[in-house]
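Hello,

Here is the structure I promised to pass on. Please have a look at it, and then read my notes below.

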Amino acid sequence: WERNHPRRDQVNDRLQNQNRRINQEVREGEISRAKATQLHREDHAIRQEERTMSKFNNGHITPAEQKSLNQQENAVSGQIGR
């Protein structure tokens with residue numbers, strides 16, 4: 001998977017890391033459960049978008065699509081722990 005789909009792997013690794021960070025922030029009391037739910041929904045939407053994009057390119061995403069997804073992930077990441 002990593003070798004055949006490196007862009008998708010990178011996007012999904014980031015989403016997994018953000019999921020872990022969100023859960024950790026809830027445990028530490030840094031963000032509310034409601035905020036965590038909102039962030040999880042945003043991450044889920046990004047993951048769904050990644051899957052949809054890959055359907056149009058034989059299971060791959062383009063560099064431009066990866067850039068767009070990364071920008072969306074950056075926006076969610078900035079909300080974690082604020």
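A word on terms before anything else: two residues are in contact, or touch, when they have heavy atoms within 4.5 Å of each other. Ala36, for example, touches Ile22, Val26 and Ile31, leaving out residues up to four places away in sequence.

Please keep in mind that this is a predicted model, in which local features need pLDDT of at least 70 and side-chain atom pairs count only at pLDDT 80 or more, while totals for chains, interfaces and linings use all residues. Residues are numbered from 1 along each chain as its sequence is written, and side-chain values use heavy atoms, with hydrogens and water left out.

**Overall picture**

The secondary structure consists of three helices and zero strands, in the order α-α-α from the N terminus. Helices here are DSSP runs of H or I with at least four residues, strands are runs of E with at least two, and both are numbered from the N terminus. Along the principal axes, the C-alpha atoms fill a box of roughly 40 × 20 × 15 Å. Of the 82 residues, 35% count as buried; buried means under 20% relative accessible area, exposed means over 50%, and partly exposed is in between (1.4 Å probe, protein chains only). Among contacts between residues at least 6 apart in sequence, 66% join residues at least 24 apart.

**Helix H1**

H1 covers residues 6–27. The expected span is 1.5 Å times one less than the number of residues. Buried residues in H1 include Val11, Leu15, Gln18, Ile22 and Val26, and the buried residues of this helix pack against H2 and H3.

Gln18 is buried because its relative accessible area is 2%, and it touches Asp43, Glu73, Val76, Ser77 and Ile80, not counting residues up to four places away in sequence. Asn17 has 34% relative accessibility and so counts as partly exposed. After H1 comes Gly29, which has a positive phi near 80°.

**The nonpolar core**

Which members of the largest nonpolar core touch the most other members? Of its 13 residues, they are Ile22, Ile31, Leu39 and Leu69. H1, H2 (33–55) and H3 (63–79) are the elements that give two or more residues to this core. By nonpolar core I mean a set of buried Ala, Val, Leu, Ile, Met, Phe, Trp, Tyr and Cys residues joined through side-chain atoms within 4.5 Å.

Ile22 touches Ile31, Ala36, Leu39, His40, Asp43 and Ile80, again not counting residues up to four places away in sequence. Ala36 belongs to H2 and is buried, since its relative accessible area is 5%. His40 is also found in H2, but at 26% relative accessible area it is partly exposed. Beyond its neighbours within four places in sequence, His40 is in contact with Asn19, Ile22 and Asn23. The C-alpha atoms of His40 and Ile22 are separated by 7.8 Å, and the two residues are 18 apart along the chain.

H3 has 17 residues and reaches 25 Å from its first C-alpha to its last, close to the 24 Å expected. Its buried residues are Glu65, Gln66, Leu69, Asn70, Glu73, Val76, Ser77 and Gln79. Seen down the helix axis, they fall within an arc of 170°, so they line one face of H3; the arc is that of the directions from the helix axis to the C-beta atoms. Pro63, Ala64 and Lys67 are exposed on the other side. The buried residues of H3 pack against H1 and H2.

How do H2 and H3 sit against each other? They pack at an angle of about 175°, with their axes 10 Å apart. Axes are lines fitted to C-alpha atoms, for helices over the stretch in contact, and angles run from 0 to 180 degrees between N-to-C directions. H2 and H3 are therefore roughly antiparallel, given that angles over 145 degrees count as roughly antiparallel, under 35 as roughly parallel, 65 to 115 as roughly perpendicular and the rest as oblique. Where they meet, the residues from H2 include Leu39, Asp43, Ile46 and Met53, and those from H3 include Leu69, Glu73 and Val76.

Best wishes
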